[in-house]
Amino acid sequence: MTTIRWGLIGASNIAREHVINAIRQNGGEVLSVMSSDAGRANDYAAANGIPSGTDSLAALLERDDIDAVYISTTNELHRDQALAAAKAGKHILCEKPLALALADAHAMVNAAKAAGVVFATNHHLRNAGAHRAMRAAITEGRIGKPLAARVFHAVYLPPFLQGWRINAPAAGGGVILDIAVHDADTLRFVLGDEPESVQALTQSAGMAEGGLADAVMTTARFRSGLIAQTHDAFTSKYAGTGFEVHGTEGSLIARDVMTQKPIGSVVLRDNNGEHALDFDRGDLYVRALGAFHAATRGEGQPAATGEDGIRSLAFGLAVAEAARTGARVAVETGL
């Protein structure tokens with residue numbers, strides 16, 4: 001098995017807490033980290049056992065010993081960094097949202113295709129055992145025809161993560177592009193269905209600045225006719241998270257599953273009562289990086305493709321437009 005050698009574009013918390021370990025658990029190596037601040041890059045490299053740090057994207061991408069990059073910078077930087085990585089022939093795992101405009105996301109994905117490299121979106125939740133168990137139950141017909149879904153993804157954004165997410169509109173901050181896009185991808189994955197239109201209300205409850213929303217509620221209609229509700233927030237300290245799908249013959253009720261950790265519970269409720277579903281408790285990121293590494297060897301696809309990232313971005317942009325106008329807005333992906 002070929003070792004995949006990585007460069008990190010962005011000295012981020014998510015890389016430190018999840019992705020570096022997942023790369024290593026799958027036999028990969030992290031050789032360098034790039035940050036716009038050379039001191040931060042070097043400190044981050046030293047703290048995480050990475051051989052080198054740099055403040056030059058070009059220098060990282062010029063290295064022949066780097067096969068893939070993980071992009072976890074602020075959202076407005078993703079497009080140019082991904083285009084440069086594709087031009088350099090590097091496989092790409094990019095954080096969501098892929099970009100701030102749909103055309104830019106398409107350009108990123110198309111550039112990777114033209115270069116013959118793998119492009120993936122880091123939608124971690126579809127790798128959770130809980131969501132995979134829900135998807136399987138629906139596919140097996142255990143709740144009949146799905147009619148409605150609800151996602152509760154209201155959390156409290158800790159101070160060390162607030163920063164640009166709550167005060168930098170130009171960087172793509174705000175709760176919609178940070179959390180609502182995850183809801184869209186998870187709903188799509190679990191339901192095997194596509195959102196067609198959305199209505200939304202946003203809230204600025206005192207955490208966010210500069211006109212950014214720190215909470216949003218949506219209602220969406222899917223291709224099958226299913227209707228869904230979502231609630232996302234940075235401001236809810238005690239809400240807990242959850243995901244429900246209600247069908248003609250039963251309901252799936254999951255709690256504490258909209259998280260980076262392999263925790264929570266899933267219950268199937270039908271005319272025979274309630275039954276807890278067993279599911280895999282493996283690390284979400286280890287699963288995602290395993291699929292990515294396999295894809296670079298020509299074995300299947302990443303857990304979430306570039307097209308998945310385009311679809312979740314399209315949902316997020318439609319939510320923002322619906323909240324701004326008060327209208328029901330079509331989810332237009334361009335795919």
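The points below go through the cavities and then the cores.

This is a predicted model. The structure holds 2 cavities of 30 Å³ or more. The largest nonpolar core has 76 residues, and another core, of 26 residues, lies apart from that one.

**The largest cavity**
- The volume of the largest cavity is about 60 Å³.
- Its lining includes L93, T121, H123, N127, F292 and P302.
- Both β6 (119-121) and α9 (284-296) supply at least two residues of this lining, and α9 gives the most, with 3 residues.
- Sorted by class, the lining has 8 nonpolar and 4 polar residues, with no charged residues.

**The second largest cavity**
- This cavity has a volume of about 30 Å³.
- Among the residues lining the second largest cavity are G129, K261, I263, F279 and D280.
- Here the lining counts 5 nonpolar, 1 polar and 2 charged residues.

- In soluble globular proteins, nonpolar side chains tend to be buried together.
- Within the largest nonpolar core, V69, F119, F243, V245 and L252 touch the most other members.
- Helix α8 (residues 175-191) gives the most to this core, with 11 residues.
- The core lies between domain 1 (5-122) and domain 2 (125-284 + 314-330), because both give residues to this core.
- Leaving aside neighbours within four places in sequence, F119 is in contact with residues including A82, I92, M108, V109 and P302.
- The other core, of 26 residues, has W6, A15, I50 and A120 among its members.
- A120 also lines the largest cavity.

Note on methods. Residues numbered from 1 in each chain as written. Predicted model: local features only at pLDDT ≥ 70, side-chain atom pairs only at ≥ 80, totals over all residues. Heavy atoms only, no water. 1 Å grid on protein atoms, 1.4 Å probe; cavity = no way out; pocket = protein on both sides within 12 Å on 5 of 7 lines; lining within 4 Å. Points joined across faces, edges and corners; volume = space filled by probe spheres on them. Helix = DSSP H or I, 4+ residues; strand = E, 2+ residues; numbered from the N terminus. Nonpolar A, V, L, I, M, F, W, Y, C, P; charged D, E, K, R; others polar. Core = buried A, V, L, I, M, F, W, Y, C linked by side-chain atoms within 4.5 Å. Buried < 20%, exposed > 50% of the residue type's maximum accessible area, 1.4 Å probe, protein only. Domains from an automatic or database assignment. Contact = heavy atoms within 4.5 Å.
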